Amino acid sequence: MLMRKVPGFVPASPWGLRLPQKFLFLLFLSGLVTLCFGALFLLPNSSRLKRLFLAPRTQQPGLEAVAQVAGHPLTREQESPPNPAPAAPAPGEDDPRSQASPRRRKGWLRRTRPTGPREEATAARGSGATALRPQEGSIPSTFDFNAFRSRLRHPVLGTRADKSKEPQSLVQSQREKIKEMMQFAWQSYKRYAMGKNELRPLTRDGYEGNMFGGLSGATVIDSLDTLYLMELKEEFQEAKAWVEESFHLNVSGEASLFEVNIRYIGGLLSAFYLTGEEVFRIKAIKLGEKLLPAFDTPTGIPKGVVNFKSGSNRSWGWAMAGSSSILAEFGSLHLEFLHLTQLSGNQVFAEKVRNIRKVLRDIDKPFGLYPNFLSPVSGNWMQHHVSVGGLGDSFYEYLIKSWLMSAKTDMEAKDMYYEALEAIETHLLNVSPGGLTYIAEWRGGILDHKMGHLACFSGGMIALGAEDAKEEKRAHYRELAAQITKTCHESYARSDTKLGPEAFWFNSGREAVATQTSESYYILRPEVVESYMYLWRQTHDPIYREWGWEVVMALEKYCRTEAGFSGIQDVYSKVPDHDNKQQTFFLAETLKYLYLLFSEDDMLSLEDWVFNTEAHPLPVSRSDSSGRGGA
């Protein structure tokens, strides 16, 4: 040891190398070892070698929580596979097993990238729910898309005839015209407003609005299933690519719970069920998580506005001075939220809407009626205003459709629907001196003898539910549906443009007409043609196609501009004053219902599908191929 400290003395190594030489040799050896180990991890197809050196990855807490909520353990088979089974090809796509194009690869990378921790934290905060924590951007699912498609009783697009072998019929020509209108509306939007929420055709630009909390592309999401249905293949691929590459959820504004649910979540869910494309399922679930803070109230009745940044909620300022939730808003979540649970395995979505159902079932109802305003704090009605039009409408629609969507197993929804319909018929239904049947609005026992355009969906709703009514009431409900739909047609026929006003009255000797200019506008609404479609499918009376074609011609004459379709300010003026807005629901609903009106009954068959209140088709929940069982 002493000799080591003597300057200049360097003992020989066992290999005959001096100390500096040995140091260089060890440095070279360590570099070689590092290079070899790096190759194991960086070269392609090295995952098997990694497992020799790395401990197995621990299960992410979020996935374990999803499995617990769903009521079953998470096994390896339930994890999202790296290469999932190919889904049914969308219109215009080749076999999904073929080599993806650069655009598809770019979209895939976006689909597998998490949206961000802020978004996940927002969904978890305030909802009390277990947040889904996707692994590498995916959300595990036990939903079997191929099994689902095999349970459908009819092809999604109906039985396809060989168009080259049959002559062009009048109905086919009419259907092609409606398809051309959709194509024109989409191309105008794409050219002047792609990615914005709506097109302004007169100024040829886009409009964002403030209903969606910073979300963009409402027209894209609302159009997906209509483009698919009409086999506009190139346009569908454009819309899908935008969702993959540009539809971001890391937004921070205030959003309408109702509008985001029926337009965005409804549109994404239907796009998934039609195509099997995972991007639609994942985006729908993540967006659903962002809505959960709206339910953070003492009663579980959600407030109408949710803040995506803070996770806070509030009621609309105009709803009883900000103290009330709106029946049509919190009552129109059931269909979409049950499907979110089915596709995610997270029971929180279903629990939220089942709680709403329980509150409404147990609360006292004046004369069996459901007022439009309910306190989310106390659970009490705030005002006895009842309407089957705005503020109330789609609540009733979702009761009968919940029954149908459950493969007729949701007896609670069925009973609540028919009880409500009887109360409406007893207290709100009227017949004018001119013989027109209408549903008035009720204010604490006093009737407003008017009917809104929004209430004109009720003809179709009553027709849809007639089959499952008590036997002695079925014919009555079919006739009632026809009479209400006839009244709504009269509101169109009695205008100069043959388009209906926002509201029409029955008083002072005037029937089915607006009495003030503030109610004389038409904003491309779908409710009347929606009822035409349902009545056509039930009766095949040609009058409904005749009335539908009148609407097509009026839209072309008064609402079509050089750069899209626009609403008009006054249906009683033949010189149109356009409102400069192509509503998203024009593409989602109005044109879709018109197209179905001139299609065969097995296209989106009512045996297999129900439409949400934005006309997005959602499948009937059958548990096996026999059609028995429910959601």
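How are α16 and α18 oriented to each other?

1. The model is predicted, so local features need pLDDT of at least 70 and side-chain atom pairs count only at pLDDT 80 or more, whereas totals for chains, interfaces and linings use all residues. Residues are numbered from 1 along each chain as its sequence is written, and side-chain values use heavy atoms, with hydrogens and water left out.

2. α16 and α18 are oblique to each other. Helix α16 (residues 411-427) packs with α18 at an angle of about 60°, and their axes are 14 Å apart. Helices (H or I, at least four residues) and strands (E, at least two) are DSSP runs numbered from the N terminus. Axes are lines fitted to C-alpha atoms, for helices over the stretch in contact, and angles run from 0 to 180 degrees between N-to-C directions. Angles under 35 degrees count as roughly parallel, over 145 as roughly antiparallel, 65 to 115 as roughly perpendicular and the rest as oblique.

3. The crossing of α16 and α18 is left-handed (the near helix is turned anticlockwise from the far one by less than a right angle; clockwise would be right-handed). On the α16 side stand Tyr418, Leu421, Glu422 and Glu425, which meet Lys473, His476, Tyr477 and Leu480 of α18. This contact comprises four nonpolar, one polar and three charged residues (Ala, Val, Leu, Ile, Met, Phe, Trp, Tyr, Cys and Pro count as nonpolar, Asp, Glu, Lys and Arg as charged, and the others, Gly among them, as polar).

4. Strand β15 (residues 503-507) pairs with β16 in the antiparallel sense over three bridges. Trp505 has Val513 of β16 as its bridge partner, and Phe506 has Glu511. The hairpin of β15 and β16 has two residues between the strands, and Ser508 takes a positive phi near 50° there.

5. Cys488 is in helix α18 (residues 471-493) and Cys456 in the loop between β14 (450-452) and α17 (458-466), so the pair ties together parts 32 residues apart in sequence. The torsion about the S-S bond of Cys456 and Cys488 is about -95°, so the disulfide is left-handed. A search of the whole structure finds one disulfide.

6. A further helix pair is formed by α20 (residues 542-559) and α21 (residues 584-597), whose axes come within 9 Å and cross at roughly 135°. That angle makes α20 oblique to α21. The contact involves Tyr544, Arg545, Gly548, Val552 and Leu555 of α20, together with Phe586, Thr590, Leu594 and Leu597 of α21. Its residues divide into six nonpolar, two polar and one charged.

Technical notes: Contact = heavy atoms within 4.5 Å. Disulfide = S-S within 2.5 Å. Pairing = 2+ DSSP bridges.
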